[in-house]
Amino acid sequence: ERYSGPPRAVVTHSFSGDCALLSLATGRGSGGVIQQQQQQPPSYPLILLDPVLADTEGATIGAERLAKGTRRLGEREEKVVFATPEAASRAYFSILQKGMVRTDEVDDEVLAAFTAFSVKEVGDHNQDGNVQYRLKCRRKMEAAVYQNRISIGDILDDLTVNNNSIIIDADVQLIFSSKRRGKDMKEQKTNFVRDWREAERIISKCRSSSGIHLQENVGH
């Protein structure tokens, strides 16, 4: 009885938000390219937590550059092992913290969950014969995702129904982090402007109740 009703909202993060939008645009609802009379457009909001927002350059030159860097990172990580799962987790969190809101502490519950699901034993042991650990993350797979990413804004611009631009028949709320990735403050500001422009392109193709919500001092 508690879960018998329709969802109140659907929340996505990163690439999954781009996938959800593309699915709605090409195959569902009265605004989709493929008409499916049996299905109704979603009545609940679709909340996108920092979708990728790649522009044309980001989906081509930028994607190739990011994929190359990710593969190199994987090569370096393969050489790094830790004595305990907790040590592996804390090492990775120290990297994440540089791009997020600064904090001196990591929530113990979050760290425990990350350790349980994101760290694995490695086959090679240290000189004392003890087990060693590293992250489960496969950077080659991550690089493949980057290399094949697309510009949702470009795709939505190109999609038409009866020669008319489509409107995604869904209430889309896009959560936009203010701290964009970049090597310095100047590049971060440039990337903010670029990503905000892409966010506006996407929301302009959605139901009129859709919007962008800026989250100050939060890292992308």
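## Salt bridges in a predicted model

Glu64 and Arg71 pair up through their side chains in a salt bridge, at 3.8 Å from N to O. The term here covers a side-chain nitrogen of Lys or Arg within 4 Å of a carboxyl oxygen of Asp or Glu. This is a predicted model, where local features need pLDDT of at least 70 and side-chain atom pairs count only at pLDDT 80 or more, while totals for chains, interfaces and linings use all residues. Residues are numbered from 1 along each chain as its sequence is written, and side-chain values use heavy atoms, with hydrogens and water left out.

Searching the whole structure turns up 12 salt bridges. Three of them look like this:

| Pair | N to O distance |
|---|---|
| Glu64 and Arg71 | 3.8 Å |
| Arg139 and Glu77 | 2.8 Å |
| Asp169 and Arg207 | 3.2 Å |

Take Arg139 and Glu77, which meet in a salt bridge. That pair links distant parts of the chain, 62 residues apart: Arg139 sits in helix α5 (residues 139-147) and Glu77 in helix α2 (residues 61-77). Helices are DSSP runs (H or I, at least four residues), strands likewise (E, at least two), numbered from the N terminus.

How accessible are these partners? Arg139 is buried, at 8% relative accessible area, whereas Glu64 is partly exposed at 38% and Arg71 is partly exposed at 30%. Buried means under 20% relative accessible area, exposed over 50%, and partly exposed in between (1.4 Å probe, protein chains only).
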